[in-house]
Structures are given as structure tokens and as C-alpha cells.
Amino acid sequence: MTPAMSHNREEMRVPFLDIRAQHAEVAAELEPVVLDILRTGAYVVGQHNKGLEAEIAALHGMKHGIAVNSGTDALRIMMQAAGIGPGDEVITSAFTFVATIEAMIQIGARPVFVDIDPVSFCIDPNLIEAAITERTKAIMPVHLFGQLCAIREIKAIADRHGLLVFEDSAQALENHNNGDFAGKFGVATGLSFYVTKNLGAAGDGGMILTDSDEVDFACRSLRIHGMGKERYYYDSIGYTSRMAELQAAVLRFKLKKLPHWTARRQELAAIYNSGLAGSSVITPETLEGNNHCYHQYTIRTEGRDELQAFLKEREVDSMIYYPVPLHFHEPYKYLGFTEGDLPQTEEVSRQCLSLPIHQHLGDEHVQFVTDSILEFSKVGSR
Ligand SMILES: Cc1ncc(COP(=O)(O)O)c(C=O)c1O
């Protein structure tokens with residue numbers, strides 16, 4: 001038995017996320033504000049929406065922030081605002097949350113998959129040019145798990161071929177490469193504030209960031225039914241996608257804690273990295289120039305499912321992001337990709353495992369997880 005295994009099991013339960021602990025940190029300041037919103041009736045697009053838009057835009061060094069109802073809406077609205085529509089092809093990866101491609105398809109565009117680089121988990125820039133056709137309008141890389149993809153190379157390819165870049169930054173709040181934040185590289189970027197994100201609302205929420213005045217205007221119009229400068233006059237067919245003022249308030253109070261929360265995630269990642277060094281699992285790498293905010297700490301290993309079951313027995317939560325590549329799912333088979341077409345995507349889907357990493361874990365929790373993984377490796381190699 002390793003030293004950590006002697007800990008009391010109840011004490012050592014390692015949850016994947018602790019929403020209650022998050023709320024407890026902001027409760028004293030936030031709860032009176034939430035009550036005030038409820039009592040005054042300022043439910044939509046009020047001071048907290050405006051404040052949040054300005055604060056997140058400033059954090060990423062962007063001119064405009066447009067708060068919307070979800071990350072998926074952010075992706076859909078920003079692409080539509082920039083002119084993507086029926087018949088357009090958008091290059092992306094199949095190792096992502098389904099919303100990336102849903103957003104494209106719902107505005108009539110067609111996702112075209114390119115395989116990933118297994119080190120970054122993101123689209124492999126070396127394979128992009130071969131996927132460009134005369135219908136390609138844009139590339140939408142996904143900044144996965146808390147760091148930017150090879151975005152400078154992708155932007156250079158897009159510029160060479162006259163393509164737009166949209167960044168899926170649902171998991172990339174605070175992510176930058178040498179000081180250039182997510183959103184700086186493309187026409188616009190979409191953030192998600194879903195509950196489980198590093199900055200999570202009490203429900204759904206999202207935001208578009210852009211430096212373009214035209215895209216900003218079009219996004220603001222699309223989020224309220226395509227309404228133009230005058231009330232009840234419409235420029236386009238839009239959506240109902242305002243962010244609730246209650247959510248904006250929740251996010252603003254949590255945003256104040258974010259630098260501290262991210263620093264804690266980074267400390268825990270360092271404990272994982274040193275604890276797992278030399279083990280049979282492959283630990284995540286940070287690409288050059290990136291800050292890694294560890295939305296997820298994702299390892300790769302053979303025998304992933306057995307390891308997950310072993311951890312579960314020890315009350316260590318883990319998640320598989322993503323177990324089935326998007327081209328394997330029935331609704332997306334019409335895109336024409338079959339098994340074997342995206343070998344790295346398919347292999348990483350079989351090997352990836354995300355370990356608990358959040359600001360409310362103690363060092364001893366992470367130590368317990370690494371000890372458990374080392375224990376598993378020893379059992380496996382007997
Ligand atoms: C990579 C990626 N894209 C898009 C989304 C969609 O965001 P939301 O759930 O806020 O609609 C998410 C989040 O769930 C995501 O992780």
C-alpha cells in the first residue's frame with residue numbers, strides 16, 4: 001500500500017468538480033446582488049451584462065464582447081454575422097464537443113474534418129491545406145482543454161488561401177500565446193460559460209469577442225431576432241440569445257476569483273506532472289509560448305477504461321473527453337468520413353482520460369490520484 005492509500009477513504013474522495021465550494025467563495029458578495037436583480041426586475045441586458053462584456057473583452061485585449069445565451073450560440077452567431085452560410089465548408093477537427101459542428105450545420109455550412117496532433121489534441125496544421133477546396137470559406141480550430149492550438153500556423157495558412165479564421169474558445173478563457181489571447185487571431189471567437197467551465201455560470205452562458213465593428217453590430221442584432229437599429233425592424237433572421245442578467249452577475253463575481261483559481265489549477269497540474277513523470281501514462285504538454293489554464297488535465301494511456309474503473313473504485317472521479325469522435329456518430333455520417341479516416345483522432349479517443357483538476361482540490365488529493373495511477377501501472381505490468 002502506498003502512503004496515500006492509507007488516508008481515510010471518505011476524506012480522500014476526489015470529485016471532478018465542486019460547484020458548491022465555488023459558490024461558497026462568492027456567496028457573501030453575490031447573493032445580495034442576485035436578490036436585488038430579482039426585486040428590481042432588471043432581468044435582461046442590464047449593467048452586469050454590459051460590465052461582463054467589457055471585462056472579458058479587456059481580459060483578452062479585444063474591442064467588443066457580446067454576451068449570449070451559450071457557447072454554441074456564440075459560435076453560430078459569430079459565423080453567421082461574418083457571412084458563413086449554406087454551401088460553405090468550414091475546416092475543423094472531430095475531436096471536440098459536438099457544438100463546434102452543430103453551430104456550422106445549423107447555419108447551412110458543412111464541417112470538413114482534419115485529423116489532430118495527438119500532443120496538443122488540436123487540429124494538425126500540417127494536414128489543413130490538403131482539405132481546402134473551392135468551397136472552403138473558413139477554418140475553425142478548437143483550443144482544447146485550456147491552451148491554444150497551433151493558431152499562428154493556422155492563421156498563416158488561412159491568410160495564404162484567403163480563408164477566415166473563427167476560434168472555438170469555449171474552453172479557452174484566459175488562454176494566450178506570448179501575450180496574444182484567444183480571439184486575436186480570427187474574425188471572432190466564441191467563449192462558453194457553461195457550469196463546468198473554468199468560469200461557469202449558474203446555467204448556460206457564452207460570449208463572442210471580436211475586433212470588428214461590423215461583426216459586433218451583426219452579432220448584437222442576431223442575438224435579438226435580427227433586429228436592426230430600429231425596434232421591430234429586422235435586418236436578418238436571428239435568435240433569442242440574450243444573456244440573463246442573473247447569469248452575468250454570477251459570472252462577474254466569479255471572474256474576480258479567476259486569476260487565483262487558474263493559478264491553483266496550474267499548481268495542481270505541476271503536482272500531476274511530477275507525480276506521473278516516468279510512469280506509463282502520457283502527460284499533457286504545453287505548446288511553446290502558451291499559458292496552460294488546465295480546463296482539463298488530460299492524459300493518454302493504453303488500458304484507459306481499466307484505469308478509469310480502478311480510479312472509480314478508489315472514489316477518484318475522471319471523465320473521457322471525448323469517447324467517440326464526431327465522424328462516428330449517426331447524424332454526422334453524411335459528412336462522408338468513416339473509421340480509419342482520422343487515425344490520430346480515433347486513437348486519442350480510445351486513450352484519453354481527464355483527471356480531476358479544480359481549485360478546490362488539495363495537494364493531497366492530486367497526490368492520491370497520482371499514487372493510484374502508479375499503483376495501477378504496477379498491477380498492470382505484473
Ligand atoms: C469545445 C466546445 N465548443 C463548444 C461548446 C459549447 O458551449 P455551450 O455548452 O456553452 O453551448 C463547448 C462547451 O460545452 C465546448 O467545450
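Analyst: Begin with handedness. A crossing is left-handed if the near helix is turned anticlockwise from the far one by less than a right angle, and right-handed if clockwise. Helices are DSSP runs (H or I, at least four residues), numbered from the N terminus. Here, the crossing of H3 and H6 is right-handed. Two notes on the source: this is a predicted model, where local features need pLDDT of at least 70, side-chain atom pairs count only at pLDDT 80 or more, and totals for chains, interfaces and linings use all residues. Residues are numbered from 1 along each chain as its sequence is written, and side-chain values use heavy atoms, with hydrogens and water left out.

User: At what angle do H3 and H6 pack?

Analyst: Axes are lines fitted to C-alpha atoms, for helices over the stretch in contact, and angles run from 0 to 180 degrees between N-to-C directions. Helix H3 (residues 71–81) meets helix H6 (residues 213–223) at about 125°, with the axes 9 Å apart. H3 is therefore oblique to H6. The classes are under 35 degrees for roughly parallel, over 145 for roughly antiparallel, 65 to 115 for roughly perpendicular, and oblique for the rest.

User: What separates a pocket from a cavity?

Analyst: Both are sets of points on a 1 Å grid over the protein atoms alone. In a cavity, a 1.4 Å probe fits but cannot get out; a pocket is an open set with protein on both sides within 12 Å along at least five of seven lines. Lining residues have an atom within 4 Å of a point. Points are joined across faces, edges and corners, and a volume is the space filled by probe spheres set on them.

The largest pocket has a volume of about 540 Å³. It is lined by 32 residues, and Phe97, Val98, Gln171, Lys197 and Tyr322 are the closest to its centre. H3 and helix H4 (99–106) are the elements that give two or more residues to this lining. H3 has the largest share, three residues.

User: Which domains contribute to the lining of the second largest cavity?

Analyst: Domain bounds come from an automatic or database domain assignment. Domain 1 (23–115 + 122–251) and domain 2 (258–381) each give at least three residues to that lining. The largest pocket also draws at least three from each of these domains.
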